[in-house]
Amino acid sequence: MLERVKTALVDSFVGAIAIGLLLSQGISQIVRVAVNPITVWLQQRQYSENYSVGAPRAALIESILAQLLVSVFLLLIVYVLLRWLYFPHVEKQDQDVSPEPEQSA
Amino acid sequence: MPHPFAFILAKGWDSTNAQMPETMQATLRKVLIDSHVAAIAIAVLLAGAIEFVFIALFDPASRVLSFLTIAVATNSPPYIPRTVDYAARNVSLQASLFDLSVALNNLACAWLISRWAYGTGPMRILRNYRDKLMRRKDA
């Protein structure tokens with residue numbers, strides 16, 4: 001059953017499209033984590049009169065951690081799906097190829 | 001009836017063995033290329049960049065259009081307040097700038113993936129894929 005699902009996902013390119021979407025989301029999240037401090041700094045400049053000194057820093061760290069977790073989770077899903085859909089095929093062939101030298105010896 | 005994506009399959013997952021070296025040590029990069037995942041991610045990121053550029057330009061463009069429409073309809077320049085309120089000064093401009101930064105972010109990601117996976121720019125990759133599709137259509 002799972003093999004049929006796998007074949008369908010690969011042959012219809014649905015798997016590749018889904019992984020591509022997740023990969024793009026994951027990588028853009030990581031870059032957003034790097035850019036986020038600049039955005040928060042700009043906002044902090046605008047609203048600094050409404051916050052105490054510690055509040056923006058806490059918000060910044062919270063948002064960075066949340067985005068980092070989301071990106072790691074997305075990339076993990078990408079890797080698991082890639083391994084499931086595309087890596088096993090290669091490994092299987094690897095096993096098929098390996099007995100040949102033993103036979104010749 | 002031939003498979004609609006047979007030309008891709010011929011170079012992709014089904015013939016991974018033809019592209020892989022004898023040792024069959026499939027690296028993540030090779031798998032991403034052979035499965036076309038990298039190309040799809042690049043296309044999605046570029047589409048996202050274009051979308052956010054449009055979103056960023058939509059608000060200022062609609063304001064300009066509204067200004068011109070009122071000017072034409074009333075046959076006189078619309079009222080422009082001497083003092084700009086907080087929202088007009090900061091929030092509207094910030095939203096556009098933020099959308100532009102997201103678009104730049106997406107472009108940078110597309111460029112990074114394409115450099116890492118293929119070693120060339122994202123547009124060249126997509127052009128190659130387009131050429132493959134065109135060749136397949138002609139054949």
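Q: Before we start, what should I know about the model and its numbering?
A: The model is predicted, with local features needing pLDDT of at least 70 and side-chain atom pairs counting only at pLDDT 80 or more, while totals for chains, interfaces and linings use all residues. Residues are numbered from 1 along each chain as its sequence is written, and chains are lettered from A and ligands numbered from 1 in the order in which they are written.

Q: Thanks! How many helices and strands does chain B have?
A: Chain B has 6 helices and 0 strands. Helices (H or I, at least four residues) and strands (E, at least two) are DSSP runs, numbered from the N terminus. Along the sequence, the pattern of chain B reads α-α-α-α-α-α.

Q: And what share of chain B is buried?
A: Of its 139 residues, 22% count as buried. A residue is buried if 20 or more other C-beta atoms lie within 10 Å of its own, exposed if 12 or fewer, and partly exposed in between, with C-beta atoms placed from the backbone.

Q: Let's look at helix pairs. How do α4 and α6 of chain B cross?
A: The axes of α4(B) (residues 37-74) and α6(B) (residues 122-138) come within 10 Å and cross at roughly 115 degrees. Here axes are lines fitted to C-alpha atoms, for helices over the stretch in contact, and angles run from 0 to 180 degrees between N-to-C directions.

Q: Which residues meet there?
A: From α4(B) there are B:A39, B:I42, B:A43 and B:L46, and they meet B:P122, B:I125, B:L126 and B:Y129 of α6(B). Two residues are in contact if their C-beta atoms, placed from the backbone, lie within 7 Å. This contact divides into 8 nonpolar residues, no polar and no charged. Ala, Val, Leu, Ile, Met, Phe, Trp, Tyr, Cys and Pro count as nonpolar, Asp, Glu, Lys and Arg as charged, and the others, Gly among them, as polar.

Q: What is B:A41 in contact with?
A: Leaving aside neighbours within four places in sequence, B:A41 is in contact with A:G20, A:L23, A:S24 and B:I113.

Q: New topic: is B:H36 buried or exposed?
A: B:H36 counts as buried because it has 21 C-beta neighbours inside 10 Å. It is in the loop between α3 (28-34) and α4 of chain B. B:H36 also has a positive phi of about 65 degrees, although it is not a glycine.

Q: Where is A:F13, and what is its phi?
A: A:F13 follows α1(A), and its phi is positive, near 70 degrees. A:F13 has 20 C-beta neighbours inside 10 Å, so it counts as buried.

Q: Last one: what does B:D99 touch?
A: B:D99 lies in helix α5 (residues 86-117) of chain B. Not counting residues up to four places away in sequence, B:D99 touches B:F52, B:I55 and B:A56. With 19 C-beta neighbours inside 10 Å, B:D99 counts as partly exposed.
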